[in-house]
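Me: I have a structure to go through and I'm new to this. Can we take it piece by piece?

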Amino acid sequence: MTTTLVPVFAALGDETRWSILAALGEGDASASALAERLPVSRQAIAKHLALLAEVGLVEPVRVGREVRYRVIGAELSATAHRLDAIGREWESRLAEIKRIAEGL
């Protein structure tokens, strides 16, 4: 994955979108079903879902006349792996600084 994480983080920077992802983690749902569970209008949910789909975190799936959304686990995992790699790099750098400082 060579794309920037900025759009993903921008999308995740909203508490409502976090709530939507958490709800979708329990199973696919339509915007209407999510609006029943969350204190947000269906229209607002639809806008949040569109943004989450735009950055590749959810995808719409047509089931009959209804459009349900599901989390794209691979994208969330890829984001987590990139963050983990950044964390490991910083831990390595800090360990090297500590080693140098202790050697002084």
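Predicted model: local features only at pLDDT ≥ 70, side-chain atom pairs only at ≥ 80, totals over all residues.

Me: Which residue does Glu 89 form a salt bridge with?
Reply: Its partner is Arg 93, and the closest N and O atoms are 3.1 Å apart. Both residues lie in helix H5, four residues apart, which is about one turn of the helix.

Me: And how accessible is Arg 93?
Reply: Arg 93 has 43% relative accessibility and counts as partly exposed.

Me: What ring does the charged end of Arg 93 sit over?
Reply: The ring of Trp 90, with 5.1 Å to the ring's centre.

Me: How many aromatic pairs are there, then?
Reply: The count of aromatic pairs is zero.

Me: Back to salt bridges. How many are counted?
Reply: Eight salt bridges. One of them joins Arg 88 and Asp 84, at 2.4 Å from N to O. Those two also lie in helix H5, which covers residues 73-103, and they are four residues apart. Arg 88 is partly exposed at 47% relative accessible area, and Asp 84 is partly exposed at 42%.

Me: What about Glu 66, which residue does its side chain meet?
Reply: Arg 68, in a salt bridge of 2.7 Å from N to O. Glu 66 is partly exposed, with a relative accessible area of 31%, and Arg 68 is partly exposed too, with 33%.

Me: Which residues are linked in a network of salt bridges?
Reply: Asp 28, Glu 59 and Arg 70.

Me: Why can such side chains pair at all?
Reply: Side chains of opposite charge can pair when their charged atoms come close.

Me: New topic. How many residues are in the largest nonpolar core?
Reply: There are 19. Among those with the most contacts inside the core are Ile 20, Leu 24 and Leu 49.

Me: Which helices each supply at least two residues of this core?
Reply: H1 (6-12), H2 (15-25), H3 (31-37) and H4 (42-54). H2 gives the largest share, four residues.

Me: Pick Leu 49. What is Leu 49 in contact with, leaving aside neighbours within four places in sequence?
Reply: Leu 49 is in contact with Ile 20, Leu 24, Ala 31, Leu 34, Val 58 and Tyr 69.

Me: Why would nonpolar side chains be buried together?
Reply: I can only give the general pattern: in soluble globular proteins, nonpolar side chains tend to be buried together.

Terms used. Residues numbered from 1 in each chain as written. Heavy atoms only, no water. Phe/Tyr/Trp six-rings, centres within 6.5 Å; stacked < 30°, edge-to-face > 60°. Lys NZ or Arg CZ within 6 Å of the ring centre and 35° of its normal. Core = buried A, V, L, I, M, F, W, Y, C linked by side-chain atoms within 4.5 Å. Buried < 20%, exposed > 50% of the residue type's maximum accessible area, 1.4 Å probe, protein only. Contact = heavy atoms within 4.5 Å. Salt bridge = Lys/Arg side-chain N within 4 Å of Asp/Glu carboxyl O.
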